[in-house]
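Welcome to this short briefing. Please take a look at the sequence and structure below, and then we can walk through them together.

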Amino acid sequence: MVLVFAEHQNGQFKKAAFEAVTYGYKTAQLMGTDCAAIVLGEAEEAGILGAYGASKVYHVADQSLNKLDSQVYTTVLAEAISQLGATVCIMTHTSTGKSILGRLSARLSAGSAAGVKELPTVSDGFKVKKDVFSGKAIATVSITSDIKLVSLMGNSLQPEKVGDAVETASLEVAIPESKVKVLSVDRVEGTTPLPEAELVVSGGRGMKGPENWGVLEDLADALGATTACSRPVADTGWRPHHEHVGQTGIAIRPNLYIAMGISGAIQHLAGVNNSKTIVVINKDPEAPFFKAADYGVVADLFEVVPKLTEAVKKFKAE
Amino acid sequence: MKLLVCISKTPETTTKIALNEDGTAFKTEGVQYIMNPYDEWYALVRALELKEAVGGSVTAVNVGSAGNDTIIRKALAIGADDAVRINAEPHSSLYIAKQIAEFAKSENFDIIFFGKEAIDYNGSEVGAMVAEFLDMPFISYANKLEVEGNTAKVAREIEGGVEVAEVQTPFALSAAKGLAEQRIPNMRGIMMAKRKPLKVVEAVDFEDQAKAVAYELPPPKSAVKLIDPDNMEELVRLLHEEAKVI
Ligand SMILES: Cc1cc2nc3c(=O)[nH]c(=O)nc-3n(C[C@H](O)[C@H](O)[C@H](O)COP(=O)(O)OP(=O)(O)OC[C@H]3O[C@@H](n4cnc5c(N)ncnc54)[C@H](O)[C@@H]3O)c2cc1C
Ligand SMILES: Nc1ncnc2c1ncn2[C@@H]1O[C@H](COP(=O)(O)O)[C@@H](O)[C@H]1O
């Protein structure tokens, strides 16, 4: 059986959870077996995962699981995997998934592949592909243990509805005491966090100063996009650190990445070159970013971006 | 406090990646290696700051072959007290983690530091694995750490926000940007590093459960389509009709 650990936030399932179930369902089909999902902590609508292909949804609804402790989660998941006889366990490649995948691997002596983007092949052993060297190469990882663990990179495949919600089933597992006390969780309200954003507008040193960000924000607002920036911009305090994308910031893979006033250094590309479509706006036709772009505009950003914003507004109004 | 920092070696970030003919390995000629930035800039420096504040020692550990010694010496030059290299050619995260755990289990470290990920395989796995082998809590993506006695308060990055947690030593954490400020080794540090102990220990047997068996390069990107700056309607049209992203 393929077991998908579906994450939620305060009981709400995000797109990433549906992607993981879709991935699990398709993997199970390849292997000629069933897909089930498991949900930890209180969540009302866990049965919805059935619609994406989980034939059973197990719910350990204990409120002590509402906050993540990788050690506790690992114990519970390891027990579930053994009770249910799962041979593949899938999770999302998020901050939660990353802190559990490795632990489970050590606990179960199970091989793992972190951050995969495609379905496995199963005809000649279990093999999955993942990016290495920040997307400069792709590795095929062969997992040979009885239990296989995979974390799925966000926005790698579209969630697909294949049926209806199902009833959830409870699972009897002992929950150990947590050694980590979560004191607070603060999330930026309103905008979609960068790792989940489908549309991103990003600015670099070419923006000249923090006072100029209005041009960029107007475009982001018109598109409904999340804002990001290059490293020097975050380092000099023009923008908050959580907006910094690239090798030392966060890696994102939105559907659309619009970069303005960013030269396209390799370390910047490392965090964004997996975006489906890249638009680069730069006044220097020699900027290296154009080599990685799908669409380019060679122009002064302060002149052209307001025009782009107007064009987007006009398009949205139609 | 007894602190351990796990350091890894990665190709320098601007390295061009080329494959051998049958795609089973990377060409290593001309590749320059550096200490993984997260390990060097954040994990190591925060460990040193802690030691400077409360006393104790900082040990650097690496799983790798003799070629890694230059990188390990750099950790000593920045300020680690001693270093250990576990002599092995690492081929999987679980293998590396097993080696570190075997070494650390009898040493009673209070905090074990990792980088948030090694920038070559981008796995973000080793820290969690070691923590599990040693049965200790693991806080990933830490960008703030304060310690008082045996209690640590750690802030960690989560999607679109921060979580603050409290945990007792011993525990492990992985370091993200913000945990500390990069330190550049000075001449004195470099001289002193030559005299600091770098112990080499042999690896324990451990079978890999997952292994990269082949590599390929991503398909080349097609040439950029340049759009007339006076015709942004055209760009919007292409994004809608051709790229289908808006
Ligand atoms: C180990 C390491 C890790 C790193 N990690 C990261 C990372 O994670 N993320 C990151 O971003 N960088 C990272 N860097 C830094 C990276 O190498 C570059 O220095 C950085 O990305 C450059 O930022 P930028 O493009 O904003 O600035 P610049 O390189 O200064 O580029 C500014 C661009 O703006 C253009 N411009 C100027 N004025 C205008 C205008 N009016 N209209 C249009 N265009 C204009 C210029 O032509 C230029 O191309 C890292 C570096 C190292 C060594
Ligand atoms: N060969 C190694 N030797 C020592 N520590 C390592 C090694 N490989 C990885 N690490 C540590 O584990 C962290 C995460 O690496 P990874 O799981 O490969 O992304 C790194 O930042 C290092 O702190």
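Is A:Cys89 buried or exposed? With a relative accessible area of 1%, A:Cys89 is buried. Please keep in mind that this is a predicted model, with an ipTM of 0.91 and a pTM of 0.92. For chain B the mean pLDDT is 95, and 100% of its residues reach 70 or more.

**Cysteines**

- The count of disulfides over all chains is zero.
- For A:Cys89, the closest cysteine sulfur belongs to A:Cys35 and lies 10 Å away, so the two are too far apart for a bond.
- A:Cys229 is another buried cysteine, at 0% relative accessibility.

**Where chain A meets chain B**

- The contact involves 85 residues of chain A and 74 residues of chain B.
- About 6800 Å² is buried between chain A and chain B, and carbon and sulfur atoms give 57% of that area.
- On the side of chain A, the residues that lose the most area to chain B are A:Arg103, A:Phe133 and A:Tyr295, which together make up 11% of what that side buries.
- If you like to count polar features, the interface of chain A and chain B has 36 residue pairs in polar contact, both residues being at pLDDT 80 or more.
- Helix 3 of chain A, residues 95-108, gives the most to the side of chain A that touches chain B, with nine residues.

**Salt bridges between the chains**

- Eight salt bridges are found across the interface of chain A and chain B.
- One of them joins the side chains of A:Arg103 and B:Glu132, with N and O 2.7 Å apart.
- This pair runs from helix 3 of chain A, where A:Arg103 sits, to helix 4 (residues 126-133) of chain B, which holds B:Glu132.
- What is the relative accessible area of A:Arg103? The value for A:Arg103 is 0%, so this residue counts as buried.

**Salt bridges within a chain**

- Over all chains, the count of salt bridges comes to 30.
- In chain B, B:Arg46 pairs with B:Glu49 in a salt bridge whose closest N and O atoms are 2.9 Å apart.
- Both B:Arg46 and B:Glu49 belong to helix 1 (residues 37-54) of chain B, where they are three residues apart, or about one turn of the helix.
- B:Arg46 counts as buried at 14% relative accessibility, whereas B:Glu49 counts as partly exposed at 25%.
- How many residues apart are B:Glu241 and B:Arg237 in helix 6 of chain B? They are four residues apart, about one turn of that helix, which spans residues 232-241.
- The side chains of B:Glu241 and B:Arg237 form a salt bridge of 2.8 Å, N to O.
- Over in chain A, a network of salt bridges links A:Lys15, A:Glu19 and A:Glu198.

Notes
Residues are numbered from 1 along each chain as its sequence is written. Chains are lettered from A and ligands numbered from 1 in the order in which they are written. Side-chain values use heavy atoms; hydrogens and water are left out. pLDDT is the predictor's confidence in each residue, from 0 to 100. A disulfide is a pair of cysteine sulfur atoms within 2.5 Å. Buried means under 20% relative accessible area, exposed over 50%, partly exposed in between (1.4 Å probe, protein chains only). Contact means heavy atoms within 4.5 Å. Buried area is the accessible area (1.4 Å probe) that two parts lose on being put together, summed over both. A salt bridge is a side-chain nitrogen of Lys or Arg within 4 Å of a carboxyl oxygen of Asp or Glu. A polar contact is a pair of N or O atoms within 3.5 Å; within protein, one must be able to donate a hydrogen and the other to accept it, and residues adjacent in sequence count only if both atoms are side-chain atoms. Helices (H or I, at least four residues) and strands (E, at least two) are DSSP runs, numbered from the N terminus.
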